[in-house]
Amino acid sequence: MWGYLSVLPAFLAVWAVASIWTVFAIAVSNRTVNLTEGIPYISLCGSYPPQSCIFSQLLNMGAAMAAWICILRYHQLRDWGVGKWPNQMILWSGLLCALGTSVVGNFQQKNQQATHLTGAFFALFVGHLYFWLQLLLSWRMKSLPQPGAPWIRPLRLVLCSLCTILMVAMVILHTWLLRSASAACEWAIAMLLFTLFGLLAVDFSGLDSCTLCLQPGSSLSPPPPASPISLQAQPAQAF
């Protein structure tokens, strides 16, 4: 039986996919992008009103969900015995990905291009690093729990590898001025990253609940617990 926390990554994946394709549909319908000239970048679709407002709101909500997922994942990995430094590297790469997503939505390409591209770098490239770090950790720590079917980890390897290949292709095609092909790579990368976030539902399937504890000052109460957040795993069930 899966806990309610496992719904969050799956919901984020569906939300993100629906968000960018909704913005794309609006941009095509009001002709702010012209498909006869080639495939537009995601950012171009969200650069003009009214879809720019929708783009910002949807990405901000998605970024908030992504940040919460990264925090939950951090505490889960800590409870599994992952060291402080690798766990913090994973956490901060995920939070930077969420921050970059929010920046992409709030600073449209046609208004603040430098800021927008910085956010895109964090959202795509650092977000891609977030999943590679977790994958490498799972191969290095053989004792790390592997929830779900045995094919989940190989699937993540395939998805991360495809992301890497497409990112290299996207940059090369952009420098060669093959913008339509580069944009197609960007859309594919976004879909792969959303899928990788959605797969975290498998890792959260053993979590039953999450408890947030406030920590008063040391002079007012006994020493606080070791962590402000505790994750409760579901008891094992016989099948």
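Tutor: Beyond its neighbours within four places in sequence, Tyr130 is in contact (heavy atoms within 4.5 Å) with Cys70, Arg73, Ile90, Ser93, Gly94, Phe197 and Leu200. This is a predicted model, where local features need pLDDT of at least 70 and side-chain atom pairs pLDDT 80 or more, while totals for chains, interfaces and linings use all residues. Residues are numbered from 1 along each chain as its sequence is written, and side-chain values use heavy atoms, without hydrogens and water.

Tyr130 is also among the residues with the most contacts inside the largest nonpolar core, along with Ile69, Phe131, Leu193 and Phe197; that core has 41 residues. Such a core is a set of buried Ala, Val, Leu, Ile, Met, Phe, Trp, Tyr and Cys residues joined through side-chain atoms within 4.5 Å, where buried means under 20% relative accessible area with a 1.4 Å probe, protein chains only. At least two residues each come from helices H1 (7-29), H3 (51-79), H4 (84-106), H5, H6 (152-175) and H7 (179-203), and from strand S1 (207-212). H7 gives the most, 9 residues. A second, separate core has 15 residues, including Ala16, Phe24, Phe55 and Phe194.

As for the whole, the protein has 7 helices and 2 strands; these are DSSP runs, with helices (H or I) of at least four residues and strands (E) of at least two, numbered from the N terminus. Of the 239 residues, 45% are buried.

Methods
Buried means under 20% relative accessible area, exposed over 50%, partly exposed in between (1.4 Å probe, protein chains only).
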